[in-house]
Amino acid sequence: MSPPIFRKNDQPTLPQSSAHQSSSTSKRQSIMIAGCAILSVGATTMVTGCQSNPTVLSSATVSGKMIDFETADTAQSQAQGRAFNASLHAKSERYAQLFDQEKYPSTENQAKSHLLTAIRQHLTTEHVSVSQANYQAAPFISPDSIDAGASSLFKTILETYVYKKETSGDYDSDYDSDNGDFYEAESDYDSYVDAADEVVVEEYAEESDDIAYDENGYDWYGYNEDGYNEYGYDDEGYDQDGYDENGYSRSDYATEAYETDDYESDSAFSKLSELNPKSMTEQYEAMQAAKQRGETTNVEDEFSGSSSAAGVIGKLLNMMNRTPEQIAASNEYQYKNLMFSSVSQYNPKQRQIQSVYSYDYVTPTISASVQIPLALDFDNSRITVDPSVIMPIMAIANPDHTPLPNEMASHTVSFGLPESITEQLPPAVLYDAAISAIQDSMAELAPEHFSAVDIRNDRFAKEVGASRAVKVYFGSQQSGEMIGKTLKYMSKSLQDYVDANPEKYPDGAMLKTAIDKLQLYNKGYQSADVGSLLQLIEAIGPISFNQINYYYLDNSDRLLAKQQRMNIGGDLMGSTTTVLNQVRYDKTIFKNHVLTPLLAESFGENAKLAIDGNAWMAEQRQAEDRLDTARYARYDYDSDYTDASDDYASDASEYDSSDYDDYDTDYSEDYNDAEDDTDNR
């Protein structure tokens with residue numbers, strides 16, 4: 001690299017004015033000269049500040065990082081060259097330290113690296129976990145905040161809309177009532193005119209029977225008996241073929257032809273014009289003025305009794321919103337006594353997850369506890385669960401096929417996916433794709449979402465014996481981006497699996513076609529777009545959600561525990577519910593936990609074999625089929641009996657009528673013959 005060479009630059013000269021011209025031209029040139037002078041002075045100042053001045057810097061005072069070419073000292077020039085190259089190298093190193101995060105990782109990158117190492121190790125080794133979740137509600141806006149007493153934009157728009165609809169409706173009703181006499185008089189007048197028109201029409205109809213035609217066959221209106229004038233048009237202007245003098249038919253003038261989309265869209269958008277910013281601003285000011293005057297204290301309360309759509313919105317707003325007193329009562333009587341806990345064991349080699357979830361609510365007067373054992377086996381495509389919780393519901397819905405607890409051979413039931421599904425997409429492949437996608441997606445998140453945490457005063461960190469902690473923030477944008485990346489990575493893994501098995505998935509196969517289409521859609525968006533979409537939903541919607549994860553590690557980057565804090569709420573609800581979930585990956589705590597015996601009883605080595613849920617459901621279907629067959633057989637029997645009865649009745653009827661008539665006829669004839677014989681005697 002050649003060292004820079006410093007040259008002395010000449011000072012720029014100012015442009016000179018031209019000869020005198022006309023007054024207008026001279027004025028214009030004066031303005032141009034003034035502008036050029038300002039630019040020249042600025043440029044001169046910049047150049048003067050940047051150029052070297054040999055009269056100021058002597059050869060003795062030249063910096064060691066520069067080369068003085070005005071001296072002929074070779075040793076000095078070489079020393080200056082080495083110093084200059086060292087300076088360039090130092091600048092390059094400093095630049096690399098600023099942007100080369102692989103060689104010079106920042107604090108965030110270091111935290112991210114530690115966490116990714118811990119997660120990869122955690123997901124590939126067998127481990128156990130114990131979790132406990134608690135809830136707490138708080139006002140959405142703190143009473144001490146500057147936003148206290150202010151509504152969100154979404155709620156303000158709803159309130160303004162409700163206020164506008166209700167006030168405009170009251171005005172219309174008042175206007176109608178004040179002008180009721182006028183409308184009634186106008187209605188009477190219209191009725192009188194209609195009656196007069198009917199009289200005229202009837203008189204014309206009576207006279208029309210006596211219409212006379214002239215020698216040319218036209219009446220005094222100019223129409224012949226067929227209703228056409230001398231030009232061949234009827235009274236509506238159409239000829240015998242149905243066209244007017246302009247060549248248009250009757251259908252061209254139909255009402256539907258004028259009902260264009262533009263007109264319909266104008267009428268539809270005319271309603272939306274009521275929501276323009278100026279109108280909404282005026283209505284908002286009127287609503288706030290009404291509140292200040294004491295005419296209304298709350299829009300929801302004011303219109304909650306209305307039966308209109310706006311009144312329904314007001315009722316919903318009033319029902320959703322929670323007061324500080326309600327929030328305090330929920331914490332004291334509900335969340336304070338409520339706890340969700342679970343114990344789990346994870347076997348990555350066999351792709352098995354076994355857990356017991358417990359819901360516990362304990363107060364001095366009420367105690368409720370529900371445990372749900374659940375196991376997922378992705379290798380065998382089965383799910384095992386204890387159905388005791390849903391047995392009461394099943395007994396109500398289907399009492400004939402709901403067994404009693406003492407009738408069950410085991411308290412767990414296992415269900416397997418049909419072979420038609422597992423042959424197309426094995427759950428083990430889907431599981432591997434999901435695990436890999438989670439790791440790769442988290443590795444792509446920006447380092448600024450990861451931060452090292454000072455845990456010197458962290459009580460939970462001391463309980464689990466952590467050496468460091470990493471905080472990961474998942475807002476709506478980060479959550480959406482994570483979802484988008486996970487879906488893309490999973491679809492890519494599934495496509496690789498399908499491409500690696502062409503004999504199983506030929507061209508045109510349903511799964512191959514679906515994955516190809518999914519990959520095509522994945523090219524049309526970026527993962528960050530999903531996060532932006534969730535941000536948009538959060539911005540205009542009545543809900544806000546974010547998640548903060550704290551991962552606690554030891555010196556070897558082994559994951560010891562996790563603390564998850566999730567906040568869900570919104571201004572419409574008036575509160576934010578915080579879910580705090582603490583997970584410990586400690587075998588000692590797992591062994592001593594109260595739910596561990598139930599886990600061993602349900603899924604341990606000595607556990608009873610689970611009931612085959614597929615066979616149980618098949619037996620139910622067979623029983624239903626037998627009942628249906630018997631029912632249809634009874635229908636057929638009843639139908640055959642009815643047909644036989646009808647045939648018998650028909651035969652009996654025919655026999656009685658025909659035989660009786662014949663007998664009656666024969667008897668009458670014999671009787672008449674006997675009378676005749678008697679008379680002849």
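Tyr359 is partly exposed, with a relative accessible area of 31%, where buried means under 20%, exposed over 50% and partly exposed in between, computed with a 1.4 Å probe and protein chains only. The model is predicted, so local features need pLDDT of at least 70 and side-chain atom pairs count only at pLDDT 80 or more, whereas totals for chains, interfaces and linings use all residues. Residues are numbered from 1 along each chain as its sequence is written, and side-chain values use heavy atoms, with hydrogens and water left out.

Tyr359 lies in strand β3; helices (H or I, at least four residues) and strands (E, at least two) are DSSP runs numbered from the N terminus. Together with Phe340, Tyr357, Val370, Ile372, Val389 and Ile390, Tyr359 makes a nonpolar surface patch of about 530 Å². The elements that give two or more residues to this patch are β3 (352–362) and β4 (367–377). A patch is made of residues with over 30% relative accessible area and no salt bridge, nonpolar side chains (Val, Leu, Ile, Met, Phe, Trp, Tyr) being joined within 5 Å and like charges within 9 Å.

## Salt bridges around Arg351

A salt bridge is counted when a side-chain nitrogen of Lys or Arg lies within 4 Å of a carboxyl oxygen of Asp or Glu, and by this rule the count comes to 15 salt bridges. One of them joins the side chains of Arg351 and Asp379, at 2.7 Å from N to O. Arg351 lies in the loop between β2 (338–347) and β3, and Asp379 in the loop between β4 and β5 (382–385), so the pair ties together parts that are 28 residues apart in sequence. Asp379 is partly exposed, at 34% relative accessible area.

Arg351 also forms a salt bridge with Asp432, the closest N and O atoms being 2.8 Å apart. Because Asp432 lies in helix α14 (residues 427–444) and Arg351 in the loop between β2 and β3, this pair ties together parts that are 81 residues apart in sequence. Asp432 counts as partly exposed, at 33% relative accessibility, and Arg351, Asp379 and Asp432 are thus linked in a network of salt bridges.

## A link between β12 and β5

In a further salt bridge, the side chains of Asp612 and Arg382 meet at 3.5 Å, N to O. The pair links distant parts of the chain, with Asp612 in strand β12 (residues 611–612) and Arg382 in strand β5, 230 residues apart. Asp612 is partly exposed at 39% relative accessibility, and Arg382 is partly exposed with a relative accessible area of 30%.

## Two helices with a buried face

In helix α11 (residues 324–333), the residues Ile327, Ser330 and Asn331 are buried. Seen down the axis of α11, these residues fall within an arc of 95°, so they line one face of the helix, the arc being that of the directions from the helix axis to the C-beta atoms. Glu325 and Tyr333 are exposed on the other side of α11, while the cover over its buried residues includes β1 (127–139) and β11 (575–584), contact meaning heavy atoms within 4.5 Å.

Helix α17 (residues 510–522) has the buried residues Leu511, Lys512, Ile515, Gln519 and Asn522. They too fall within an arc of 95° when seen down the axis of α17, so they line one face of the helix, and they pack against α16 (476–500). The face turned away from the buried side of α17 carries the exposed residues Met510, Leu520 and Tyr521.

Definitions and conventions
The expected span of a helix is 1.5 Å times one less than its number of residues. Accessible areas come from the Shrake-Rupley method with a 1.4 Å probe; for residues, only the protein chains shown count as cover.
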